[in-house]
Amino acid sequence: MAFAKDHDLHRRRLGMNVGVALTLVAFVAVMFGVTVVKVTNGGLIEAYDHQPRASVLPITEPVQ
């Protein structure tokens with residue numbers, strides 16, 4: 001039993017699926033790159049956890 005020849009619609013869908021797959025791979029690569037850069041610069045990462053951070057508080061002179 002032979003398979004029928006692909007219809008033009010199948011070739012267009014394949015092209016669109018390849019485009020979506022390449023876009024997804026590019027997005028994952030960008031997110032991986034951003035993650036690697038943030039992890040390698042670990043000292044600069046400060047998450048916002050609703051707590052005051054010492055690094056953003058103004059420096060005040062001690063009261064005498």
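How many residues apart are Asp8 and Arg12 in helix α1? They are four residues apart, about one turn of the helix. Keep that pair in mind for the third stop.

This is a predicted model, where local features need pLDDT of at least 70, side-chain atom pairs count only at pLDDT 80 or more, and totals for chains, interfaces and linings use all residues. Residues are numbered from 1 along each chain as its sequence is written, and side-chain values use heavy atoms, with hydrogens and water left out.

**Stop 1: the whole chain.** Select the protein chain. It has one helix and zero strands. Both are DSSP runs, numbered from the N terminus: helices are H or I with at least four residues, strands are E with at least two. Now show the surface. The chain exposes about 6600 Å². Carbon and sulfur atoms supply 68% of that area. Accessible areas come from the Shrake-Rupley method with a 1.4 Å probe; for residues, only the protein chains shown count as cover. Of the 64 residues, 0% count as buried. Buried means under 20% relative accessible area, exposed means over 50%, and partly exposed lies in between (1.4 Å probe, protein chains only).

**Stop 2: Asp8 and Arg11.** Select helix α1, residues 8–40. Then pick Asp8 and Arg11, three residues apart in this helix. Their side chains form a salt bridge, at 3.6 Å from N to O. A salt bridge is a side-chain nitrogen of Lys or Arg within 4 Å of a carboxyl oxygen of Asp or Glu. Asp8 counts as partly exposed because its relative accessibility is 39%. Arg11 is partly exposed too, at 48%.

Stop 3: Arg12 is partly exposed, at 48%. The whole structure has two salt bridges.

**Stop 4: a nonpolar patch.** Which residues make the nonpolar surface patch of about 560 Å²? Select Leu24, Phe27, Val28, Val30, Met31 and Val34. Click Met31, in helix α1. Met31 is partly exposed, at 40%.

How values were computed
Patch = residues over 30% accessible without salt bridge, like charges linked within 9 Å, V, L, I, M, F, W, Y side chains within 5 Å.
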